[in-house]
Amino acid sequence: QKEVEQDPGPLSVPEGAIVSLNCTYSNSAFQYFMWYRQYSRKGPELLMYTYSSGNKEDGRFTAQVDKSSKYISLFIRDSQPSDSATYLCAMSAGGATNKLIFGTGTLLAVQP
Amino acid sequence: GAVVSQHPSRVICKSGTSVKIECRSLDFQATTMFWYRQFPKKSLMLMATSNEGSKATYEQGVEKDKFLINHASLTLSTLTVTSAHPEDSSFYICSVVTSGTYNEQFFGPGTRLTVL
């Protein structure tokens with residue numbers, strides 16, 4: 001079993017839709033949860049960073065962590081064509097030198 | 001954050017040759033940089049942790065003699081793929097951390113390596 005599972009998609013939605021992206025994980029030691037956005041042929045950029053369980057909102061983006069279910073989500077409201085990209089979840093157990101474990105990424109296409 | 005560049009962005013080489021990829025932290029002195037490789041529809045896989053002034057730490061299964069990493073200054077780390085083979089073709093991405101935790105990483109734009 002992979003440590004982090006993510007549906008690769010592709011996910012196609014119309015402009016203005018609410019998008020839900022998800023990851024599950026198996027390592028209960030994970031405490032830090034990140035979402036990165038990666039445009040085609042570019043490096044990932046950090047979108048959201050949360051610690052432990054709960055919600056975090058930043059503009060149109062909301063990150064949700066449910067540690068009891070080992071499940072994290074990223075919601076995008078009022079999706080735009082410019083949101084079309086691959087979204088990667090990443091997580092770590094924390095500590096100064098703990099490495100990130102990435103999901104495979106979900107390819108999102110927002111149709112105008 | 002940090003602005004990170006990589007050079008070249010794309011390289012095509014013949015099998016058996018060596019290729020050097022540079023990763024530069026443009027606005028931050030990075031003690032630690034990371035090197036990843038990414039296959040289509042696969043996760044980013046950490047190859048090694050590059051520490052300025054010391055030897056890199058390689059992940060299990062990554063051949064240190066094949067993927068040579070040099071972190072000679074606080075703004076530059078290089079990855080040299082020696083005696084490249086077609087199976088080394090991949091997208092190589094570096095990242096830097098700007099705080100004591102490895103959670104917030106700032107990535108370069110990546111280098112697409114194609115070995116013929």
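Student: What is the strand order of the open sheet in chain B, and how do its strands pair?
Tutor: In this predicted model, chain B has an open sheet of 4 strands in the order 1-3-8-7, with antiparallel pairing.

Student: Which strands are the edge strands there?
Tutor: They are strand 1 (4-7) and strand 7 (67-73) of chain B, each of which pairs on one side only. From one strand to the next, the twist averages 15 degrees.

Student: Over how many bridges do strand 1 and strand 3 of chain B pair?
Tutor: Strand 1 and strand 3 (residues 19-25) of chain B pair over 4 bridges, in the antiparallel sense.

Student: And which residue in strand 3 does B:Ser5 stand opposite?
Tutor: B:Ser5 stands opposite B:Arg24.

Student: Turning to the interface, how many residues are in contact between chain A and chain B?
Tutor: On chain A 21 residues are in contact with 20 residues of chain B. The two chains bury about 1700 Å² between them, and 53% of that is on carbon and sulfur atoms.

Student: How many salt bridges are found across it?
Tutor: The rule finds 1 salt bridge between chain A and chain B. A:Lys99 and B:Glu59 meet through their side chains in a salt bridge, at 2.4 Å from N to O.

Student: Which elements of chain A give two or more residues to the side that touches chain B?
Tutor: Those elements are strand 4 (32-38), strand 5 (45-51) and strand 9 (85-92) of chain A. Strand 4 of chain A provides the largest share, 4 residues.

Student: What is the makeup of that side by class?
Tutor: The side of chain A that touches chain B has 10 nonpolar, 8 polar and 3 charged residues.

How values were computed
Residues are numbered from 1 along each chain as its sequence is written. Chains are lettered from A and ligands numbered from 1 in the order in which they are written. This is a predicted model: local features need pLDDT of at least 70, side-chain atom pairs count only at pLDDT 80 or more; totals for chains, interfaces and linings use all residues. Side-chain values use heavy atoms; hydrogens and water are left out. Two strands pair if DSSP finds at least two bridges between them. Axes are lines fitted to C-alpha atoms, for helices over the stretch in contact, and angles run from 0 to 180 degrees between N-to-C directions. Contact means heavy atoms within 4.5 Å. Buried area is the accessible area (1.4 Å probe) that two parts lose on being put together, summed over both. A salt bridge is a side-chain nitrogen of Lys or Arg within 4 Å of a carboxyl oxygen of Asp or Glu. Ala, Val, Leu, Ile, Met, Phe, Trp, Tyr, Cys and Pro count as nonpolar, Asp, Glu, Lys and Arg as charged, and the others, Gly among them, as polar.
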